[in-house]
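User: I am new to this structure and would like to go through it with you. Could we begin once it is on the screen?

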Amino acid sequence: MQTRSQPPSGFHLKCVACATPCASTVRELACEVCGGVFEVEYDYAPSALGQRLPLVRPHEKLTLGEGNTPVIELKRLAAELGLGRLWAKLEQIAPTGSFKDRGSAVLMSVAVEHGVREFVEDSSGNAGASLSAFAASAGLKAHVFAPASASPGKLQQISVFGAELHTVAGPRQAATDAARAYVKERGLVYLSHYHSPFFSEGMKAFAYEATRSPAANVRHIVMPVGNGSLLIGASRGYDELRQASAIEVGPKFHCVQAEAVRPLVAVLNGEDWQFDRAGRTVASGIAVSKPPRIEQAIDAVRGTGGSGVAVSDDATLAWQIRLARQEGVFCEPTSAAAFAGLEKLILSGAIKHGEDVLVPITGSGLKEPLQAHPALHI
Ligand SMILES: [Zn+2]
C-alpha cells in the first residue's frame with residue numbers, strides 16, 4: 001500500500017496494469033510499481049439499487065443537481081435511418097451543460113474528503129468548467145489549463161466560476177504538459193479528470209439510469225470517446241448491474257472518434273495511426289491523442305462486442321444541424337460526431353436495421369460559436 005492515512009472504507013485503488021493495490025488517494029495518480037493508472041476496487045458486492053461510490057461519507061456527496069437526465073425518442077431520425085427506436089439521453093442539460101458533471105461531483109467529493117483546498121486540472125473545456133463549478137460550491141481554488149483554441153464559451157465558463165484559467169498554445173496535449181509542470185513547480189494536487197480513477201466512477205450512474213429508462217433494453221450505445229470516462233464508467237455501471245443480477249446482458253458500446261484524432265478506433269480496427277500535430281477536428285471534446293486509459297476503453301468496447309468508427313468533420317457538422325432541425329436537439333460538434341458514427345455503423349452492418357440504439361448527447365451546443373458553421377448563413 002502506498003498510503004495508509006485513510007480509515008477502512010470498503011474500497012481501495014488497484015493498478016489497471018499490474019493489479020498492485022493502493023489505499024485511496026487523490027495525490028497519487030500512478031502506480032508506484034509500473035506507472036499504470038488506478039481503478040477503484042470495492043470490498044463489497046454491488047447492488048441493483050444504486051452504484052457503489054468511492055466515498056467514506058457518500059451521503060455527503062456534493063451535488064449541483066447532476067444526473068437523472070431525460071431520455072427522449074428521436075422518431076424522425078429513427079425512421080430515416082431505418083432503426084427500430086433511437087433514444088437520446090440528454091446529458092447536455094446537466095448543471096454546466098455536459099455529462100462531465102457526473103464525474104466532477106464524485107471527484108470533487110473525494111478531494112474534499114482528502115482535505116484538498118487547491119488543485120490543478122487540464123481540459124478541453126467541458127471538464128474544466130464542470131470541475132470549476134463544483135470547486136466553487138465546495139470552496140476550493142481551481143487552476144484549469146486549457147488549449148488557447150478551446151471554445152470561448154467554455155473558457156469564459158471556467159472563469160465565471162472563479163477558477164484561474166491558464167490558456168496554452170498548441171494541441172490538447174500541450175495543456176496537459178503545462179498543467180503537470182505547474183503541479184510540480186507549485187506542489188499542488190493534480191486532479192486530472194482522466195488520470196484520476198474517481199471521475200469515471202461518477203459515470204456509472206448513467207448505466208443505472210439507462211436501465212430504468214424507456215431505453216432499458218437497448219442493444220447498442222453509440223458515444224463519442226476522447227479520454228473515455230463515460231465509456232469506461234458506463235461499462236463499469238453495467239458490470240455492477242450484471243453482478244447484482246439486475247440485468248442479464250448489457251448493450252454493445254460503439255465508440256466514435258474524429259478521423260484526425262482516432263487512437264482508440266485505430267487500435268480497435270488494427271490500423272496504423274500516428275498523431276499529427278497539424279491534424280485538427282471540430283470535435284474538440286474528443287481530440288485526445290494519448291488517452292491514458294485506452295486499455296480500459298478498448299476492453300469496454302471489445303468486452304461488449306462493440307466497435308469503433310472514425311468520422312469526418314463535415315459529417316459531424318452536418319449532423320449537428322440535422323439534429324437541431326429535425327429533432328430540436330442542439331448539441332456541440334463532439335456530440336454530433338456520435339450520430340455521424342451511427343450512420344456509418346448502420347451502413348457497415350454493425351448496427352442492423354430495426355435495432356434500437358441509445359446515444360448520449362454529451363454536451364450543449366450553446367457553448368460554441370456557430371458563425372463559422374458551413375450550414376448556416378448568419
Ligand atoms: Zn502497476
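User: Is the crossing in which α7 passes α9 left-handed or right-handed?

Analyst: In this predicted model, α7 passes α9 in a left-handed crossing.

User: At roughly what angle do the axes of these helices, α7 and α9, cross?

Analyst: The axis of helix α7 (residues 229-243) crosses that of helix α9 (residues 294-302) at roughly 55 degrees, and the two axes come within 9 Å. The helices α7 and α9 are therefore oblique to each other.

User: Which residues meet there, in α7 and in α9?

Analyst: From α7, Leu231, Ile232 and Ser235 meet Gln296, Ala297 and Ala300 of α9. By class, this contact has 4 nonpolar and 2 polar residues, with no charged ones.

User: Turning to the sheet of 4 strands, what is the strand order?

Analyst: The order is β8-β7-β6-β9 in an open sheet, and the pairing is parallel. At the edges are β8 (164-168) and β9 (189-190), each of which pairs on one side only.

User: How many bridges join β6 and β7?

Analyst: Strand β6 (residues 118-122) pairs with strand β7 (residues 141-147) over 5 bridges, in the parallel sense. Asp122 stands opposite Phe145 in β7.

User: Which helix packs on this sheet?

Analyst: Helix α5 (residues 172-186) does, touching β6, β7, β8 and β9. The direction of α5 makes about 145 degrees with that of β7.

User: Lastly, into which domains is the chain divided?

Analyst: The chain is divided into domain 1 (1-44) and domain 2 (71-94 + 201-367). Their C-alpha centres, for domain 1 and domain 2, lie 29 Å apart.

Terms used
Residues are numbered from 1 along each chain as its sequence is written. This is a predicted model: local features need pLDDT of at least 70, side-chain atom pairs count only at pLDDT 80 or more; totals for chains, interfaces and linings use all residues. Domain bounds come from an automatic or database domain assignment. Axes are lines fitted to C-alpha atoms, for helices over the stretch in contact, and angles run from 0 to 180 degrees between N-to-C directions. Helices (H or I, at least four residues) and strands (E, at least two) are DSSP runs, numbered from the N terminus. Angles under 35 degrees count as roughly parallel, over 145 as roughly antiparallel, 65 to 115 as roughly perpendicular and the rest as oblique. A crossing is left-handed if the near helix is turned anticlockwise from the far one by less than a right angle, and right-handed if clockwise. Two residues are in contact if their C-beta atoms, placed from the backbone, lie within 7 Å. Ala, Val, Leu, Ile, Met, Phe, Trp, Tyr, Cys and Pro count as nonpolar, Asp, Glu, Lys and Arg as charged, and the others, Gly among them, as polar. Two strands pair if DSSP finds at least two bridges between them.
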